[in-house]
Structure formats: C-alpha cells, structure tokens
Amino acid sequence: KNIVILISGGGSNMATIVRTAQQEQWEQRYGARVAAVISNKPDAAGLVFAREHGIAAEALDHKAFASREAFDAELAAIIDRHQPALVVLAGFMRILTPGFVAHYAGRLINIHPSLLPAFTGLHTHQRAIDAGCKFAGVTVHQVTAELDVGPILDQAVVPVLPGDTAETLAARVLTQEHVIYSRAVRALVRSL
Ligand code: GRF
C-alpha cells in the first residue's frame, strides 16, 4: 500500500509521517510505505528531507502550466506512477480541481490548521485571535471539491493564550498537527 505525500514547503507534517512510518515499521506491519513526496515548489525543503530518507522526491512547478487543469492532470500522472492507496496533502498550498479530487475520491486527505468548520481558507491563526477565540486547533479531513470542507477524520485543540500572536499560536498548533496526522495516516493504512 503506497502513500504519496504532497507538499509545498518545509514539509514538517510529511517528515513526521515518514519518521513515524519508519519507527513503527509500517511496511513490515501494515504493508504500507511512503512511496513518493511531490511538491509544486521545486525549492521545497521537504524534497531534500525525502531524498535523504530514500524516498522518491519530485517537483512539479505549477508556474510551468497554462491552467490549473493542466497542472492537476500532470500531477495525477506522476502520482499514479506510484499506484497510491492514499494521497496525503501536507502543507500543500494549492487548490485542486474537481477532476483531480474525483480521481482520488476516498483516498485523498488534508490537514487544515483550524477547528473546521471554523476558519476555512488562509490566515486561520490570526483570524482565531482576532475573533477572540479561547481555543484553536487542527483538523484532518477527507478532501472534497469544496475547499476545507470534507468529512472530518480527526481534530486536536490547543488553548489560545493571552498575548498570543499568529506565530506563537501556529507553533502550538503545528505540534498537534504532527501528532494527529501521523495517527490519522496510521489508522487509514491499517484499514486499507
Ligand atoms: C502549516 O502551517 C500547516 O498548518 C499547514 O501548512 C503549514 C506548513 O506545514 N498544513 P508543513 O510544515 O509544510 O507540513
């Protein structure tokens, strides 16, 4: 069972999943492995991490494509070479076309740094602080054609502390992202 992880930057969520898979021996225990890491940014630091861990790492620069559909079609062709049982969006900062989402229906998940359905979209931490929220958090969900809305698989809550900035809150949330994403992927690969 191959897992393909899509990133756009540092890939700390991807790195946590890769390390967890290795430490918990997912290949031996569940027949599951991270087969590839793909980024839409050629300079994504996460690609270096993947290569250092012996994982196929490829970049597909979205700027090289005339349309979202053309990019998604090429992205799907690269992903499908790895015959994925599960496609994991981890800090992947692109909106995917309905055709792409339909192609991976039921095996495409994402992590979003808010307690969905609150705060879909961007700048979630600043918006939570501005709204006076006492709690924030992170959601792992199935990806559907509508942004940040699909069925929720897991969530974690963190307190919003007096004096929090978007950066301090983001750091607190990111720690929980790492915990629940590797937990969610493990649960999924065990069930596949
Ligand atoms: C994080 O803020 C996370 O909430 C979102 O993308 C950002 C970077 O994640 N998913 P990563 O370090 O690239 O996994």
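This is a short tour of one predicted model, stop by stop, for you to follow in your viewer.

Residues are numbered from 1 along each chain as its sequence is written. Because the model is predicted, local features need pLDDT of at least 70 and side-chain atom pairs count only at pLDDT 80 or more, while totals for chains, interfaces and linings use all residues; side-chain values use heavy atoms, with hydrogens and water left out.

**Stop 1: the annotated site**

Select Gly11, Ser12 and Asn13, which UniProt lists under "binding site" in an unreviewed entry. UniProt positions are given in the numbering used here, feature names are shortened, and annotations may be inferred rather than shown by experiment. Gly11, Ser12 and Asn13 also belong to the lining of the largest pocket. A pocket here, on a 1 Å grid over the protein atoms alone, is an open set of points where a 1.4 Å probe fits, with protein on both sides within 12 Å along at least five of seven lines; lining residues have an atom within 4 Å of a point.

Helices (H or I, at least four residues) and strands (E, at least two) are DSSP runs, numbered from the N terminus. Is Gly11 buried or exposed? Gly11 is buried, because its relative accessible area is 11%. The cut-offs are under 20% relative accessible area for buried, over 50% for exposed, and in between for partly exposed (1.4 Å probe, protein chains only).

Move on to Asn13, in helix α1. Asn13 is buried too, at 6% relative accessibility. Leaving aside residues up to four places away in sequence, Asn13 touches Ala90, Ile111, Leu174, Glu177, His178 and Tyr181, where contact means heavy atoms within 4.5 Å.

**Stop 2: the aromatic pairs**

How many aromatic pairs are there? The count is two, taking rings of Phe, Tyr and Trp (its six-membered ring) whose centres lie within 6.5 Å, with planes under 30 degrees apart called stacked, over 60 edge-to-face and the rest tilted. Select Phe65 and Phe71: their ring centres are 5.6 Å apart and their planes are at 75°, so this pair is edge-to-face. Phe65 is partly exposed at 26% relative accessible area, whereas Phe71 is buried at 1%.

Next, show Phe100 and Tyr104, a tilted pair with 4.9 Å centre to centre and 55° between the planes. Phe100 is buried, with a relative accessible area of 3%, and Tyr104 is buried at 0%.

**Stop 3: the salt bridges**

Side chains of opposite charge can pair when their charged atoms come close. The whole structure has six salt bridges, each a side-chain nitrogen of Lys or Arg within 4 Å of a carboxyl oxygen of Asp or Glu.

Select Arg183 and Asp154, whose closest N and O atoms are 2.9 Å apart. This pair links distant parts of the chain, 29 residues apart: Arg183 is in helix α7 (residues 166–191) and Asp154 in strand β7 (residues 152–159). Arg183 is partly exposed at 38% relative accessibility, while Asp154 is buried at 19%.

Finish with Asp61 and Lys63, a salt bridge at 3.7 Å, N to O. Asp61 is partly exposed at 23% relative accessibility, and Lys63 is exposed at 63%.
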